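Biologist: I'm new to this one and would like a guided tour. Could you show me how to read its features, one at a time?

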Amino acid sequence: MPRHPLLDEARSAWRRRETETAVRAALTAHAAGDPDGLTLACSIGMRGYRADLLAAHRDDVAALPEGILREGVLAMLQIGDGDLDSAVARIVALAEVPLASVPGPVAGDPLEGEGMLLPLLLSYVATGCVASASWVPARRCIDAARTVMAAASAVEGRVAAPEHVAFDLLGLDAMVEQHTAAGDAARRALTETLAPLRMRNSLSPAHALALVSLGSVEHLSGRLGEAALNLARGARLAPAWRPGVRLHAEVELAFVRVRQGRWREAAEAVRATAPPTGSIEHDWLEPQALAVHGLFLALRGDMDASRPVLDRAALLCRDTPSFLAQLVITHARIMMAISLSDWPALRRALEDAAEPGYRHPYRVDEWRMLNLLASWHLGRVDEVRRGVALWTAQPGADQSAYAWAFVSILAEHDERYAEATNAVDRALALLTLDHDPLGRAWVRVVAGIHYSLFGAHGRPDPRRALVVYEDASAELQELGAGGLARRYDEAVAATTTEMQRGSRGGDPAARLTEQQRKVADAVGQGYTSGEIAGLLHLSKRTVDYHVANIMRRLGVSSRREIARVLGGRR
């Protein structure tokens with residue numbers, strides 16, 4: 001029988017990486033009676049990670065001779081069915097067959113000249129295991145893939161695997177190592193392999209998953225800047241035929257941006273985040289996309305809309321576990337519990353995140369702060385004392401803003417007010433942009449409460465309290481955290497009233513901070529908020545917030561009255 005012309009079209013489409021076009025052309029040739037059509041469709045479908053295109057031909061695939069094409073497609077379809085364990089068993093069993101007995105390109109894979117399929121399949125199944133937090137099976141697949149590739153390299157004329165597979169394995173190895181606390185050899189190997197490529201500007205789509213994996217490892221290690229760079233680069237390089245790599249990178253990058261306090265950048269990226277329809281990976285990717293959308297609803301203060309989205313993501317994770325979705329859901333639950341002062345919910349979220357084998361993304365001092373925060377509000381003062389004593393005995397604790405905040409809380413509880421003031425001053429001085437913005441806001445609230453009740457000498461100091469409350473509220477407004485900002489605004493309003501009560505008859509300008517005086521002077525000269533933003537190197541949102549606080553502090557209701565009350569100050 002003559003060769004069907006659609007087979008050549010299928011190969012041409014595959015060279016252009018038009019996977020769906022190529023698979024459908026090969027399947028049409030198969031339907032026309034060409035026996036090579038199905039084997040070519042299988043090879044292209046697996047290499048392009050689109051075995052879903054063969055789902056309607058599962059029976060035909062099952063009737064193929066035993067080997068990589070049949071077992072590989074069936075394993076990929078099992079992943080699509082959510083049966084990861086069976087897929088692992090099926091592919092690892094192939095890896096145990098001696099390489100010499102594996103058919104060559106004539107009897108087996110028609111595209112083996114592009115690299116053996118078995119390492120690619122083992123890497124793909126390992127990716128599913130990593131995504132599902134199945135670390136032991138992932139390690140098994142990674143080791144099997146490397147064994148097969150080493151054996152293939154010794155056989156003349158055989159290409160061990162497509163180019164990207166070796167880099168994928170490096171990245172997956174580092175992720176398994178990170179989540180199993182198995183040292184840092186794999187991370188170092190990954191970093192050292194990518195470094196010269198980065199320096200030569202030679203990174204390509206073949207390195208996309210490796211970059212995303214490195215970003216994920218750095219995220220969990222607390223290196224947020226490096227994590228963001230690698231996740232962003234990986235997302236840009238991820239080829240269209242690997243949508244799962246791109247989506248994972250986008251979701252985790254959005255999460256890292258949230259942790260960095262760059263919420264608006266994260267929100268822009270999240271708007272377009274959706275799992276690819278029809279993909280075998282859809283069930284792994286959908287909970288990730290839902291989780292990050294739910295997180296942003298919570299960050300905006302829309303808890304009622306957030307809950308069902310997060311609940312849906314959590315429900316999907318029961319059938320198809322996703323460690324990234326779980327990370328995002330946990331962060332959202334913690335943030336919502338703190339926002340709503342639901343301390344039992346915070347305790348439950350922290351306990352879930354501390355389950356064995358689970359890696360949360362919080363730095364050591366963040367984790368201690370969250371746990372002690374829950375204990376304090378649940379009335380477990382002795383538990384907090386023990387925790388703070390252990391914490392402050394650790395090297396470097398004297399450089400932790402969170403540790404000093406808790407020292408202040410306990411000192412204030414014991415009526416050691418001078419010590420409390422010293423501790424809260426230290427906490428504020430140690431705050432940097434490296435802290436999570438919600439953590440910064442919490443330290444400022446601790447300080448604001450202390451200053452408003454006890455001040456520096458055991459007497460209330462509402463002016464000093466107002467400064468830290470406004471700093472917290474301004475940052476939250478800038479972030480777009482409307483729900484939390486409203487709570488801080490209530491403290492600002494109450495403290496402003498108290499301050500005005502105690503300063504009647506004095507210089508109105510004395511009620512303003514230095515920054516507010518600059519803004520007030522510019523307002524008095526007739527500048528708009530946009531113009532003031534340019535003059536003072538602030539955002540327009542921050543200027544508007546300062547103007548609102550200036551009016552509140554001065555007891556006026558318009559910008560024109562600011563100039564009148566301050567007597568036309570320049």
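Modeller: Let's start with H248, whose place is in helix α13. Helices here are DSSP runs of H or I with at least four residues, strands are E runs of at least two, and both are numbered from the N terminus. Keep in mind that this is a predicted model, where local features need pLDDT of at least 70, side-chain atom pairs count only at pLDDT 80 or more, and totals for chains, interfaces and linings use all residues. Residues are numbered from 1 along each chain as its sequence is written, and side-chain values use heavy atoms, with hydrogens and water left out.

Biologist: Is H248 buried or exposed?

Modeller: Buried means under 20% relative accessible area, exposed means over 50%, and partly exposed is in between, with a 1.4 Å probe and protein chains only. H248 has 13% relative accessibility, so it counts as buried.

Biologist: Which residues is H248 in contact with?

Modeller: Contact means heavy atoms within 4.5 Å. Leaving aside neighbours within four places in sequence, H248 is in contact with V212, Q288, F323 and L324.

Biologist: What about L231, where is that found?

Modeller: L231 is in helix α12. L231 counts as buried because its relative accessibility is 0%. With neighbours within four places in sequence set aside, its contacts are L211, V212, G215, S216, A249, E252, L253 and V256. Take L211: it is 20 residues from L231 along the chain, and their C-alpha atoms are separated by 6.4 Å.

Biologist: And Q260, which helix holds that one?

Modeller: Helix α13 holds Q260. A polar contact is a pair of N or O atoms within 3.5 Å; within protein, one must be able to donate a hydrogen and the other to accept it, and residues adjacent in sequence count only if both atoms are side-chain atoms. The side chains of Q260 and R257 make such a contact at 2.9 Å. Apart from neighbours within four places in sequence, Q260 is in contact with L224, G225, A228 and P437.

Biologist: Where does D109 lie?

Modeller: In the loop between α6 (84-95) and α7 (117-131). With 2% relative accessibility, D109 counts as buried. The D109 side chain reaches the backbone nitrogen of L111 at 2.9 Å.

Biologist: How many aromatic pairs does the structure hold?

Modeller: There are 7 aromatic pairs. Rings of Phe, Tyr and Trp (its six-membered ring) pair if their centres lie within 6.5 Å; planes under 30 degrees apart count as stacked, over 60 as edge-to-face and the rest as tilted. The Y49 and Y124 rings have centres 5.2 Å apart and planes at 40°, so that pair is tilted. Y49 is in the loop between α3 (36-47) and α4 (58-62), while Y124 is in helix α7, 75 residues apart, so this pair links distant parts of the chain. Both Y49 and Y124 are buried.

Biologist: What other partner does Y49 pair with?

Modeller: Y49 also forms a stacked pair with W241, at 6.0 Å centre to centre and 5° between the planes. W241 lies in the loop between α12 (224-237) and α13 (243-260), so the pair ties together parts that are 192 residues apart in sequence. Elsewhere, ring pairs link W391, Y402, F406 and W442 into a cluster.

Biologist: How do α18 and α19 pack?

Modeller: Axes are lines fitted to C-alpha atoms, for helices over the stretch in contact, and angles run from 0 to 180 degrees between N-to-C directions. Helix α18 (residues 343-353) and helix α19 (residues 364-377) pack at about 145°, their axes 9 Å apart. On the α18 side W343, L346, R347, L350 and A353 take part, meeting W367, L370, N371, L373, A374, S375 and H377 in α19.
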